Amino acid sequence: MIRLNTPIKDQDIKNLKVGEKVLISGTIYTARDQAHSRLLNESNPAFEIKGSIIYYVGPTPKRDNFPIGSSGPTSSYRMDKLAVPLMEQGLKIMIGKGNRSEEFRQEMIKNNAVYLITTGGAGALISSKILKSKLIMYEDLGAEAIYQLEVKDFPCFVAYDIYGNDIFKDNLL
Amino acid sequence: MRQINLEDITKLVKKAVIKINYHLDKSLVSLIRKAKENETLELSKSILSDILENYEIAKEGNIPLCQDTGVVVVLLEIGNNVHFDGNIYEAINEGVRQGYHEGYLRKSMVNHPFDRINTQDNTPAIIHTKIVQGNKIIMKIAAKGGGSENMSKVTMLTPTEGIQGVKKLVLDTIFNAGGRPCPPLIVGIGIGGNFEKSAILAKEAIFRDLDDSNEDEIIKKLEDDLYKEINALGVGPMGVGGKTTCLAVKINYHPMHIASLPVAINIQCHSSRHTEVEL
């Protein structure tokens with residue numbers, strides 16, 4: 001098991017190998033389809049993309065006294081093309097669920113980034129690892145807006161590493 | 001004629017959509033427990049443990065099971081001896097509106113394919129209506145997630161492709177979907193009818209009780225065979241490998257044209273949220 005603190009450095013990426021459990025603490029950012037589309041045309045985003053972690057999630061509305069609602073991952077493949085320019089700007093880790101395109105995987109390796117997965121459909125469990133949430137961009141997108149999350153021991157597994165390994169292929173019976 | 005008050009329909013729908021988004025069916029949870037015991041890969045076991053722990057947290061009623069609280073699908077059966085004044089579809093949608101607001105559920109419906117403006121209240125529900133005999137209204141209600149729905153498909157096979165053709169199609173579809181639809185899955189399959197009928201059959205199939213048994217011997221065998229063959233694919237929980245790719249396979253069928261063998265595959269994620277209510 002590896003513990004990671006944000007922001008992410010190049011050395012952190014080298015240490016991550018497929019199938020390993022990773023616990024993330026620090027600041028991460030949410031973004032899905034629409035937020036990605038807008039970010040690509042953004043000259044001055046409200047967070048530093050270099051060294052950052054983006055989590056593909058659209059949470060449920062939060063109740064009073066809770067930091068956030070249910071917050072499990074959405075399918076990552078929809079962000080495959082949209083993620084490339086962000087990786088070129090220094091995005092280091094993407095968290096979601098499910099396999100992605102071969103083109104994405106090659107771009108990811110080229111840009112020294114990794115793809116992690118967390119358990120889909122476990123939004124209640126995952127939200128218990130989020131301490132704070134704050135809306136920072138695109139309020140009009142509702143659940144698809146960009147939130148800054150403070151997380152503690154946020155649980156993931158390495159799905160694609162920079163050494164070309166793929167969790168979805170390596171374990172096939 | 002039995003008079004039904006549509007406000008009671010609204011109340012039932014509201015209660016149902018909140019309940020299903022916080023509580024998983026016990027028979028489903030017991031299948032996931034069994035699957036966890038059966039897994040040998042640590043990673044796959046750990047994912048199934050997460051799913052079971054998630055169920056325990058969600059049932060306290062503060063945080064929904066999944067952030068994708070779905071599109072509401074209603075299989076509506078109206079007895080021919082029932083009478084009501086007003087618009088029953090609007091009554092159902094009002095229940096969705098109230099339930100998604102008061103239950104702190106995500107509003108996931110957008111109005112238009114391209115401007116994609118959120119309707120803000122998770123309406124409209126997708127409603128399929130049948131007129132049946134009797135003096136009741138029965139509603140089977142699901143909150144259907146987008147991830148698993150996106151991996152579903154309708155294919156028009158040719159009649160001579162037969163059982164082998166159906167098997168190949170289903171296995172390819174589940175294998176290619178990989179971890180995206182959140183396995184372990186419940187696989188609903190509709191065979192026959194025509195293009196749109198097969199899709200409705202597949203949707204109806206995912207509402208079936210997990211432990212029911214198909215009355216048609218050939219179809220029952222196909223369900224059993226596919227259950228084994230899908231699990232032998234090794235896709236595993238969330239696609240990371242393992243013995244549990246599906247928890248159940250349910251097939252519904254209908255007569256069809258001599259030239260056709262329509263097959264619809266509706267994929268349901270492990271968080272299978274549905275219930276049945278009647279009035």
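1. Is B:Cys182 buried or exposed? B:Cys182 has a relative accessibility of 7% and therefore counts as buried. Please keep in mind that this is a predicted model.

2. Cysteines. The search over all chains returns zero disulfides. B:Cys182 is in none, and the closest cysteine sulfur to its own, that of B:Cys269, is 6.0 Å away. The cut-off for a disulfide is 2.5 Å between sulfur atoms. B:Cys66 counts as buried too, because its relative accessibility is 8%.

3. The sheet of chain B. Four strands of chain B make an open sheet with mixed pairing, in the order 4-2-5-10. Strand 4 (126-132) and strand 10 (273-278) of chain B are the edges, each pairing on one side only. From one strand to the next, the twist averages 15°. Within this sheet, strand 2 (residues 71-79) and strand 5 (residues 137-144) of chain B pair in the antiparallel sense over eight bridges. B:Ile78 has B:Ile137, in strand 5 of chain B, as its bridge partner.

4. Helices on that sheet. Helix 1 (residues 6-22) of chain B lies across strand 2, strand 5 and strand 10 of chain B, at about 35° to strand 5 of chain B. Helix 4 (residues 88-102) of chain B lies across strand 2, strand 4 and strand 5 of chain B, and runs at about 145° to strand 2 of chain B.

5. A helix pair in chain A. How do helix 3 and helix 4 of chain A run relative to each other? The axes of helix 3 (residues 80-88) and helix 4 (residues 102-110) of chain A come within 10 Å and cross at roughly 10°. The two helices of chain A are therefore roughly parallel to each other. On the side of helix 3 of chain A the contact is made by A:Asp80, A:Ala83, A:Val84, A:Met87 and A:Glu88, and on the side of helix 4 of chain A by A:Phe104, A:Glu107 and A:Met108. Of these contact residues, five are nonpolar, none is polar and three are charged.

6. A:Leu91. This residue sits in the loop between helix 3 and strand 4 (93-96) of chain A. A:Leu91 is buried, with a relative accessible area of 0%. Leaving aside neighbours within four places in sequence, A:Leu91 is in contact with A:Ile49, A:Ser52, A:Ile53, A:Ile54, A:Leu86 and A:Ala113. A:Asn111 is 20 residues away from A:Leu91 in sequence, with 8.7 Å between their C-alpha atoms.

7. Cis peptide bonds. One joins A:Thr6 and A:Pro7, with omega about -5°; A:Pro7 is in the loop between strand 1 (2-5) and helix 1 (10-14) of chain A. In chain B, a cis peptide bond joins B:Pro183 and B:Pro184, with omega about 10°. B:Pro184 belongs to the loop between helix 6 (162-177) and strand 7 (185-193) of chain B.

8. A:Asn112 has phi near 55° and lies in the loop between helix 4 and strand 5 (114-117) of chain A. A:Asn112 counts as buried, because its relative accessibility is 18%. B:Arg116 has a phi of about 50° and is placed in the loop between helix 4 and strand 4 of chain B. At 44% relative accessibility, B:Arg116 counts as partly exposed.

How values were computed
Residues are numbered from 1 along each chain as its sequence is written. Chains are lettered from A and ligands numbered from 1 in the order in which they are written. This is a predicted model: local features need pLDDT of at least 70, side-chain atom pairs count only at pLDDT 80 or more; totals for chains, interfaces and linings use all residues. Side-chain values use heavy atoms; hydrogens and water are left out. Two strands pair if DSSP finds at least two bridges between them. Axes are lines fitted to C-alpha atoms, for helices over the stretch in contact, and angles run from 0 to 180 degrees between N-to-C directions. Contact means heavy atoms within 4.5 Å. Angles under 35 degrees count as roughly parallel, over 145 as roughly antiparallel, 65 to 115 as roughly perpendicular and the rest as oblique. Ala, Val, Leu, Ile, Met, Phe, Trp, Tyr, Cys and Pro count as nonpolar, Asp, Glu, Lys and Arg as charged, and the others, Gly among them, as polar. Buried means under 20% relative accessible area, exposed over 50%, partly exposed in between (1.4 Å probe, protein chains only).
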